[in-house]
Amino acid sequence: ERLTVFAAASTKTALDAIAGQWQAQTGHQVSLSYAGSSALARQIEFGAPADLFLSASPDWMDQLETKGLLAADTRFDLLGNDLALIAHGTQPTMAIADLPDRLGDDRLAMAHVDAVPAGIYGKAALENLGLWAALAPHVAQTDNVRAALTLVATGEAPFGITYTTDAAASADVSIVYTFPADSHPPITYPIAAIAGGNTRLGAEFLSYLRGPEARAAFTAEGFEVLAE
Amino acid sequence: MSGWLSPEALEAIRLSLKVALWATVLSLPAGIFVAYALARWRFPGKQLLNGLVHLPLILPPVVTGYLLLLAFGRTGLIGQPLYDWFGITLAFRWTGAVLAAAIMAFPLLVRAIRLALEAVDPKLEEAAKTLGASRLLGFATITLPLILPGVIAGAVLAFAKAMGEFGATITFVSNIPGQTQTVPSAIYAFLQVPGGEGAALQLVVISVGLALGALLLSEVLSRRVAKRISGR
Amino acid sequence: MSGWLSPEALEAIRLSLKVALWATVLSLPAGIFVAYALARWRFPGKQLLNGLVHLPLILPPVVTGYLLLLAFGRTGLIGQPLYDWFGITLAFRWTGAVLAAAIMAFPLLVRAIRLALEAVDPKLEEAAKTLGASRLLGFATITLPLILPGVIAGAVLAFAKAMGEFGATITFVSNIPGQTQTVPSAIYAFLQVPGGEGAALQLVVISVGLALGALLLSEVLSRRVAKRISGR
Amino acid sequence: MTLDVTLTHQFDGFACDVEFSAPAGITALFGHSGSGKTTIVNAVAGLLRPEAGRIVMDGQVLLDTAAGIDLPTARRRIGYVFQEARLFPHMTVRQNMLYGRWANRLRRDTAHEAQVIDLLGLGHLLTRLPGRLSGGESQRVALGRALLARPRMLLMDEPLAALDSARKSEILPYLERLRDDFGVPILYVSHSLSEVARLATTVVVVERGTVLRSGPAAEVLSDPEAAPSLGIREAGSILQGRLVGHSDDGLSEIAFSGGALWLPKIAANPGEDLRVRIAAGGVTLSRDEPLNTSSLNVLHGVIDTVRIGRSAGAMVRIRVGDEVILSRISARAAAQMALEAGQPIYACLASISVARSDIGQTRV
Amino acid sequence: MTLDVTLTHQFDGFACDVEFSAPAGITALFGHSGSGKTTIVNAVAGLLRPEAGRIVMDGQVLLDTAAGIDLPTARRRIGYVFQEARLFPHMTVRQNMLYGRWANRLRRDTAHEAQVIDLLGLGHLLTRLPGRLSGGESQRVALGRALLARPRMLLMDEPLAALDSARKSEILPYLERLRDDFGVPILYVSHSLSEVARLATTVVVVERGTVLRSGPAAEVLSDPEAAPSLGIREAGSILQGRLVGHSDDGLSEIAFSGGALWLPKIAANPGEDLRVRIAAGGVTLSRDEPLNTSSLNVLHGVIDTVRIGRSAGAMVRIRVGDEVILSRISARAAAQMALEAGQPIYACLASISVARSDIGQTRV
Ligand SMILES: Nc1ncnc2c1ncn2[C@@H]1O[C@H](COP(=O)(O)OP(=O)(O)OP(=O)(O)O)[C@@H](O)[C@H]1O
Ligand SMILES: Nc1ncnc2c1ncn2[C@@H]1O[C@H](COP(=O)(O)OP(=O)(O)OP(=O)(O)O)[C@@H](O)[C@H]1O
Ligand code: MOO
Ligand SMILES: [Mg+2]
Ligand SMILES: [Mg+2]
C-alpha cells in the first residue's frame, strides 16, 4: 500500500530516514512530497492526494482544520525546534544585546519576517528582547529559512536567525546564541491525517512517528520530539 | 546521498525529460497557431490573447501555479468539469506538470515562432496560391518550412524552460517522488537538507547537460535548415 | 494589509519597475552584441557562449540565484575584486536585483534578437557597403532598424520576465523592503500566510497591468516599425 | 477564351481605372514604368482586390465586387510569372518547378517536364537552391514553374527581361505554341515592342492607370497615331501571310495578299499562317524600281498617307495588296521625293532586317 | 582610369577564370545568362572574394590574393546597381538615394540631386517606401542611389532591364555624360546589344566563366567572327564621326572619313565627336547608285570580305574611307549580285534605321 505524506521541506532528512525504515519493516510505500508549508496546505485545500500533512507552522494546520480537511482527532504536535542566532565561521557565543553593534552596517539574514514561520518567530523573539527596532533596517529576508542559512554560510551576511536544526547542518556557521523558548511562540510542527485520505495506513505511520526509531532520527537532526 | 545517483534522482530526471518533451510537443501546434493568429490576423481580442499568452512570464511562477490550482484543481473551474465528465485530473499528476511547464514555456514558444513568421515574405505564399495551393497547403509547404528555424528555436527555448520550471510546477502538482517530482523540485528538496548541496549539484549538472544537449541539437538542426533556406 | 495599497506595496511596485527597466535597458546592448555574434560570426567557443546564455532558462531560478551569490557575493569570484577595487557591492542592493533580472531575462532577449537578425538579408548590408558604409555604420543604419521589431519583442519579453522574476532575485539579493523587495517577493510573502491571497491578488493585478501595458506599447511600436519596413 | 477586365483601384498617389477585353491568344500590356501593368495583372491573379471591378474569364466570373464574388487565387488556375522571380528559397529548382503540378494534384507528365526543362536550359541546375542561381537562371525557373502548373491562363510580367537574346528566341516559339497549340491565353507585360509585336494578338496600351488604346495587335502597332506612345522608333507594321515553302539556299517564301516575301529559314511548315513584323525604320522607299540590289523584298504599292512628324521624321503608310506597310523616313526625303497619297511606290525591305524573332506563328 | 581584372573562382558546378583590362570609359560585360557576369562584378565590388585574383583600378590594388590585399568594399568607392534593386526597405526613396552621400560624408549638392531625381522621374516618389514601388520605379531608385554616392567607378548589372525604351533613352545620355564629362568608369552588364554598342568603349564577351573576346567596342562589335556569340542579328558596325551641324529640317550632319551621314536631330554641339552604330541588318547593298530613294545615306565603298554564313545569311564587310561597315544580306542576294572582295559597292542605310539610341557621344 502507498502512503502519501506532505511535509515541510525542513524535515526532509529525518523523515526520509524514518520513512525508509518503516517501508522496510512494513512493506508499504511512502511518497514524501516536500515543499513550503504554505504551498502544501494550499494544495491540500485543492484536493491534493495527501494522506498526512506535517506542517512547519500551526497556522496552516489551523487553516486546514477550520475548513474541515483534517481527519478527526488525528492532529498532534510532533516536533519542536529552537531558534538560534548564527554567525559566519567559527565564533564564540555572544550576548544578543551586542548584536546591533556587531552587525554594524551589515545584514542580518532571516526568513521572511511576516510570512515564513522561522522569520515570524525570529521577529517575535527580537521584539520581545527589545532589539527589533534597531535591527529591522538590517534584516535581509529570504523566501525560506534555508536561504538565510546560505547567506550566512557564504559570508554574505555575518549573522542570521535560523532554527538550531538548520544551524547544526552547516560547517560554515556557528550558533552564537540560542533564543530562550519563552522569547517567541512555541515552535511546533503539527501533523495530522487528511480527511478522505488513507487514514488507516496514515494512523499506522503516525504511531510509528511517535515511536523510538523515529524519535532517534528526529533527535539526531536536532529536533525536539514533542509527542509521547 | 552523494556518490552515484539515487533512484529518486534518476526518477526525477526521467520524469523531467518526459514532462519537458510532452510540454514541448503538445504546445507546439498550439504555439504555431497562436503565433500565426497574432502575426497575420486581425481579430477582436487579439491584444487580450497576446497578453494572456505572456501572463506566465510576468507573474511570479508561484502565482501561476496557484492560478493553475484554482482553475484545474479538482474543485477548480475547469478541473471540476474535467474530472466529473471525463475523469481527468491534472493537479498532482505528471500530466499537470506537463500543463504547468507548457504554460510557463508558451510565451517563449509563441514569440519565437511569431518573430520568424513576421520575417517571411507573404509574397511567397501568394506565389504558392497562384500555383494552386490552398491557404493551408501554402502555409504547410512554404511558410512552415521557412519558419522552421524559428520553430526550432521556440521549441528548444520551451524545452529548456520546461526542464527548469520549478515554481509553478511545485505549486500546482506538488513534489511527489516518481509522480510529480521533477529535477528542479528534487534540487529544491536537496537544498533544504543539510549537506544536500552535493546531490543538488549533481542534478544541476545533469539537467544542464541534458538541456544543453537539446540546445546543441537544435543549433545543428536549425543551421542546416537555415543554410538550406538561404542557399548560402 | 488589504484595502488600498500599503506604502510597502507601492514601494515594491516602484522598485520592480525600476529594476525591470534597468535590467532591460542595460542588457539590450549586450543582448544585441551576443545575438549578432551568435547569428553572424564563427568563433571557437560559440556553442559554449550559446549554452551559457541559455543557462538561466534551464536552471531552477533558485540555483541561478545561488550561483550569482557565489560569483557576485562579497566573497565571490567576481564580487570580491569588484568590491575591493571599485567598492561595488551587488548583493542586497537593488543593483543586484537588476543583475539577477537581467541574467534571467537574457536568453529571451538574445533569442528574439537573434531570430530577427537571421531573417535580415545580409545582401542589404552589402549594398550599404558599396555605398561607402563601414561595417558598423552598415549595421547601425540597415540591420539594426530592420531587426527593431525583434529587438522590441526581445525587450518586452525581458521586461516582462524581469517584472516576474522571483527565485533568483530573492536568493541573490534577498528581500529588503524598499531596497530589494520587488513585487514578486511581496506577492510571495503574502501567499505564505493563510488568508494573504487577497493582498497578493491586488499586487498581481497591478504588476500584470504594468507588464501588459508595456506589452501593448511594444506591439504598437513594433507594428509601426514593421509596417514601415514591409511597406505594406 | 476571352478575358474581360474592368477595375478601379486607388493607391495613395496612384489611381487605376481600366477596362479592356482580351480575346483568345496573347494580350500584351504595354506601358511606361509605373503605369499600372503589374497592378492589373495582380488583380487578374486575385492577389490584389480592387476597390471595384469585374473580371470574367471565359464566362467564369473571377471577380465581381458588386456581386461580392472573389474567387480565391488558388482556384483561378493561373500561372503567374512575377516581375521578380519569387522562387521558393527552401526548395530546389526541381521542387520549385514541380510545385504547381503537386499542388494541383496533376498527373505527372515527364515528357512535358523534360521539354520545359530543356527549353529553359535548366537541366544542370535541377538540384540547385534558388539562392545560388544567377539572375537569368532564376527568371527561367520562375517561367518553368508557371508553365508546369498547366494553368488555364498565363500571367507574365516581363518574363524575359533578364534573358539574353539567344535564350529569348528559344523561348518565344514555345510561348507561341502554348498560345496556338494549347490555346492557353496569356496576359503579357513587356517593354519590348519586338516581343509584343511577335507574340501579341491584342495590345493594351496602359498609361497612368488608364487604357490609352487597345485592340488587335496588327492594328494598334501599325497605327501611326499610336506610334508616339509605343516609342516612335519601335513603330512598324504586321503582315499576315502563309508559308509557301523553303528553298535550298536557306530562304523561306511567304505569300501575302501583296506579293511574296523571302525570309531566312522559318521553323514552320508550308501552308502555315504567319505574321511578319516590318519595322517602319527598316523600309526604304523608292520611286523607281530598285535594281541590282541586295534587297530580295521589294514590294510595289500605293501611298495611303504621308504624315510629317514634329521632329525630322515622316511616317508613310503604303497599301500593298490588302495589307499596310509603314515606312519611317526623313521629312527631307519625303519632301525631295514629293511623296503624296495615291502615288505608286516601291518599298524596299532590307532582306534580313525583318528579323527572326519578329516572325510569329498564328492561327487566326 | 583603367581597370585590370584577373580572377579565378569556383562554385560547385561553375568555374570562373577571367582576365581582362578595361581602359577609361564604359566596359560592357556581355554574355549569356549564367555565364559569370555578376560573379565578376561582385568580385570587383569586393562582395565576392575570389579564390585567386588581382584587381587593380587606376594603379590602386583593390584585391591581390597573392599579396593578401583585399580592400573592404566600403573603401573601394564604387557605386553598384545590383541586378535586383536591393533597396533599403525601411528608408524612403529619398533616404535610399541620399544614403551614399551620407555614408561617405559628402557635401550636399542639391543641384546634382535634383538633376538625378529629375532624370529618373522620381520626383513624386521621394517619400514612398520601396515596398510600394513598381518594378521599374525600384530599379530607377537603385540607379539614383548609386549615382548620388558620387562613386569613383560605377558597376551596373543590367540597370535598365526593367525600363521602357522612353525612359532608357533618357538615361543613356546621362550615363554617357558621366563617362565623358566626369570620367567615371563604368562596368556595365547588359543583354542589350544596342545599349552596349551605344555606350561601351570596351566590350568583354563572357562565356561559361571565361573571356571569349575583349577589346575596343568598335572592333569587337564589328567583327563578323564575333557575331555568333553576340547574337547574329545584333551584329553591326560603329563609325567614328564628328557632328558638322544641324539643318533646319531637323536633321543633323555627321562627317566621317568615308563621307557624310544625315541623322535625325542629335543632342550634341557641332564639332563634337560621335559614334554611330549601324546595324548590319539595316544596310542594303546595291551595285548601281540608288536614285530617287528615301534613303539619305548612301555610302560608296569597296567590298572587303564576303562571308557566307551557315544559314541563309551572308556578312559583307565594306570599307568606306577609313571605316568599316557591315551588311547582313541573304546568301541568295550575295550570289545573284556576284559580290566579291574588291568590288565597288553602294551601301544604303534606311535613313532612320540608324536609331537615336545608337548614337553615343565619345571623347576618345
Ligand atoms: N552561390 C553560388 N553557388 C553556386 N553557384 C553559383 C552561385 N552563384 C552563382 N552561381 C553560378 O555561377 C554561374 C554564374 O553566375 P552569375 O550570377 O555570375 O551569372 P550571370 O552571368 O550574371 O547571369 P545572368 O545574366 O543570368 O544574371 C551561374 O551558373 C550560377 O548558377
Ligand atoms: N502598395 C502600393 N502603394 C502605393 N502605391 C503603389 C503600390 N503598388 C504600386 N503602387 C504605385 O502604383 C503605380 C503602378 O504600379 P505598377 O506596379 O502597376 O506599375 P507597372 O506598370 O507594373 O510598372 P513597372 O513597369 O515599373 O513594373 C506606380 O506608380 C506605383 O508606384
Ligand atoms: O519549513 Mo519552511 O515552511 O520551508 O520554513
Ligand atoms: Mg510592374
Ligand atoms: Mg547576373
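Trainee: Which side chain has an N or O atom 2.8 Å from an oxygen atom of ligand 3?

Mentor: This is a predicted model, in which local features need pLDDT of at least 70 and side-chain atom pairs pLDDT 80 or more, while totals for chains, interfaces and linings use all residues. Residues are numbered from 1 along each chain as written, chains are lettered from A and ligands numbered from 1 in the order written, and side-chain values use heavy atoms, without hydrogens or water. For the side chain of A:Ser37 the distance to a ligand oxygen is 3.4 Å, whereas 2.8 Å belongs to A:Ser10.

Trainee: Which residues coordinate the magnesium ion, and how many residues apart in sequence are the parts they tie together?

Mentor: The donors (N, O or S within 2.8 Å of the metal, or 3.2 Å for Na, K and Ca; water is not among the atoms, so sites may look incomplete) are OG1 of E:Thr38 and OE1 of E:Gln83, at 1.9 to 2.2 Å. E:Thr38 lies in helix H1 of chain E and E:Gln83 in the loop between strand S7 and helix H2 of chain E (helices being DSSP runs of H or I with at least four residues, strands E runs with at least two), so the parts tied together are 45 residues apart.

Trainee: Which residue in S4(D) is the bridge partner of D:Val5?

Mentor: Strands S1 and S4 of chain D run antiparallel and are joined by six bridges, and they pair because DSSP finds at least two bridges between them. In S4(D), the partner of D:Val5 is D:Ile55.

Technical notes
A polar contact is a pair of N or O atoms within 3.5 Å; within protein, one must be able to donate a hydrogen and the other to accept it, and residues adjacent in sequence count only if both atoms are side-chain atoms.
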